[in-house]
Amino acid sequence: MRQIVVGTFDQQDAARAAIAALANDRFDPRRVHAIETRVPEFDDEPASPPPIVDDSMVDHLRNFFAGLLGIGHDVTLYAAAMRRGGAVVRVDVDDQPQAVRAELAFVKAGAIDITRRPN
């Protein structure tokens, strides 16, 4: 039975590590989807603060989860993670063993529990 596994990360590098772990575990890359905030990189300036997540990002998150969580699902907690410069990764799996492997990859890469974080 098809399932979807979602990992939320405070840092984009952790999300990329999860995606790499999924690839190493032979997950089909066409079934792995990510939303990251885009932070411009400047060679001469210190790291900039995380970007503000605007209404377009919230709409993008709603679309990202529409098939999974329902059209009217509240994406506030995911948007808060994005506001802090994080990322959300979704992987479509065929069965429970794959779901467990995906969850393990997310945990090892540093996935967070968004319900325990402040907005």
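I searched the whole structure for aromatic pairs and found one. I counted rings of Phe, Tyr and Trp (its six-membered ring) as a pair if their centres lie within 6.5 Å, with planes under 30 degrees apart as stacked, over 60 as edge-to-face and the rest as tilted. The ring centres of Phe9 and Phe106 are 5.8 Å apart and the planes stand at 85°, so I noted the pair as edge-to-face. Phe9 is in strand β1 (residues 3–9) and Phe106 in helix α4 (residues 96–109), so the pair ties together parts 97 residues apart in sequence. Helices (H or I, at least four residues) and strands (E, at least two) are DSSP runs, numbered from the N terminus.

This is a predicted model: local features need pLDDT of at least 70, side-chain atom pairs count only at pLDDT 80 or more, and totals for chains, interfaces and linings use all residues. Residues are numbered from 1 along each chain as its sequence is written, and side-chain values use heavy atoms, with hydrogens and water left out.

I then looked up burial (buried is under 20% relative accessible area, exposed over 50%, partly exposed in between; 1.4 Å probe, protein chains only). Phe9 is buried at 0% relative accessibility, and Phe106 is buried at 2%.

In helix α3 (residues 76–83) I listed Tyr78, Ala79, Ala80, Ala81 and Met82 as the buried residues.
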